[in-house]
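Here are my notes for you, point by point. Please keep the viewer open as you read.

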Amino acid sequence: MLSLGLAAAVAFAPSQPARGGTLQEVSQPAATAICDGVTQYSGYFKLATGDKHYFYWFFASRSSPATDPVVMWMTGGPGCSSEVALFGENGPCSVSADGSSTIPNAYSWNSKANLLYIDQPAGTGFSYGSGLDHNEAAVAADMYDFVQQFFKAHAALAALDFFVVGESYAGHYVPAVTHEIWRNNRALPEGAIPIRLKGTSVGNGLTDPLIQYRYYKDMAVSTNHHAAAVGKLTHAAMEVATPACIAAIKACQAVAASCIVATEVCNAGLLIPYTLTGKNPYDMREKCEKPPLCYDFSNVGTYLNRPEVRAALGVGTHRWRDCNREVALMFELSGDWMQSYQQQLPDQLNDGIRVLIYAGDQDYICNWLGNQAWTQSLPWPHRGDFNSTTPKVWEVDGKAAGTLQSSHGFSFLRVYDAGHMVPRDQPANALAMLNAFISGSL
């Protein structure tokens, strides 16, 4: 999930500790494994980068765990737990309405991949610590340390291909983290192991605010099979507000002290007019049922705070939260929100690391128009080739499921009839997308 910002504030046998951190994994016999019957690891790594304890939950592939790639999922926010995605989007199970049990998910992303969920930064989900991160340099350093520790603790997994996928504010996280992996792979730090990074992907992400904020006015009146969200007068006011927002973002990217002004100016002119309609910013087809997130994850909280579940996961006394507003504020106040991270992708593309940007076309907050625009503006050697490629219909099981523009390992996929959380709205199509991406056919 992506917060609306300040102005809109509406495992079986445990492994050995990796160098530089303390491994706390719980033994979980297959017969009692929660959520799925596959091999699972969960618990904490204490990072070497500070007093930070990162919670993760790993599910082995349902197909060929010894050879299928590892896919790491990062939820955005900033400050929203990846268990929101695990139970609400693409994990092996969902949670019953009363939070007492789980329901298997036939479209889980561990169908043909080993699936790793991470709660980051500290303060998110079950993760905890001091000195909360507030920029992508810290996020990248912490996550590189976590990935190193995880793969050192699970040497068999370190030999597999690795993909990083995230959503929403992970449009910042994922490029920063994967670029850090790419950079260190080229000159390994002492004691580090190479990471087999093969693909980078972001869904409905905030990656290039300078371009993406230009498209809120257009998305507000988009006719993706629903009525315009705002009237002509409001739309005209949004058009007038857009140049001021863009100027404020440029000022923020030049001088960090001006970033709060940029957030306030842009939210006031382009986000608040939409939220005042009462519509869901994550799905323009719906009303916002429970502000500010518009979705009710209380059943997930009930389940994850059950004593037997907490014991199985090895989280001790730490209680789970879906989204932590304090974490979000750290990134907003530091100016990270309005920074752009698409510039972290060309290095990876040039080295053969494939990049997939996808977007459900019913989302407002990180809409497909803005995401499509920044992919077409990305400065890299094959920009001309990419832009001269006509988007083609993307089909799943013989049915049109979106449009795909792709060239030289870089792809933009518009997903039909999905909001901010594509796997939630189109589970079968989202699984087909992931399997095609990790297999190299997308």
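1. Let me begin with a serine. Leaving out neighbours within four places in sequence, S96 is in contact with S101, I103 and N299 (contact means heavy atoms within 4.5 Å). S96 belongs to the loop between β5 (93–95) and β6 (102–104); helices (H or I, at least four residues) and strands (E, at least two) are DSSP runs, numbered from the N terminus. With a relative accessibility of 11%, S96 counts as buried, where buried means under 20% relative accessible area, exposed over 50% and partly exposed in between, for a 1.4 Å probe and protein chains only. The S96 side chain also reaches the backbone nitrogen of S100 at 3.2 Å.

2. A word on the ground rules. This is a predicted model, in which local features need pLDDT of at least 70 and side-chain atom pairs count only at pLDDT 80 or more, while totals for chains, interfaces and linings use all residues. Residues are numbered from 1 along each chain as its sequence is written, and side-chain values use heavy atoms, with hydrogens and water left out.

3. Next, have a look at strand β7 (residues 114–118). Five of its five residues are buried, so β7 is largely enclosed by the rest of the structure. N114, L116 and I118 point one way from the strand, and L115 and Y117 the other way.

4. Which strands pair with β7? Strand β4 (residues 70–74) runs parallel to β7, joined by five bridges, with M72 as the bridge partner of L116. Pairing here requires that DSSP finds at least two bridges between the two strands.

5. Now the aromatics. The structure holds 29 aromatic pairs; rings of Phe, Tyr and Trp (its six-membered ring) pair if their centres lie within 6.5 Å, and planes under 30 degrees apart count as stacked, over 60 as edge-to-face and the rest as tilted. One of them is F59 with Y117, edge-to-face at 6.3 Å centre to centre and 85° between the planes. This pair links distant parts of the chain, F59 in β3 and Y117 in β7, 58 residues apart. F59 and Y117 are both buried.

6. F146 and F150 make a stacked pair, because their ring centres are 6.2 Å apart and their planes lie at 25°. They are four residues apart in helix α2 (residues 136–153), so about one helical turn separates them. F146 counts as buried at 0% relative accessibility, and F150 does too at 1%. Ring pairs also link F146 and F150 into a cluster with Y41, F45, Y56, F58, F151 and F162.

7. The charged end of R354 is 4.9 Å from the centre of the F437 ring. R414 lies over the face of W368, at 4.0 Å from the ring centre.

8. Finally, some backbone items to inspect. The peptide bond from G77 to P78 is cis, with omega near -5°, and the one from P291 to P292 is cis with omega near 0°. Phi is positive at N204, near 40°, and at D397, near 55°. Buried or exposed? N204 is buried, with a relative accessible area of 0%, whereas D397 counts as exposed at 76% relative accessibility.

Definitions and conventions:
A charge sits over a ring if NZ of Lys or CZ of Arg is within 6 Å of the ring centre and within 35 degrees of the ring normal. A polar contact is a pair of N or O atoms within 3.5 Å; within protein, one must be able to donate a hydrogen and the other to accept it, and residues adjacent in sequence count only if both atoms are side-chain atoms.
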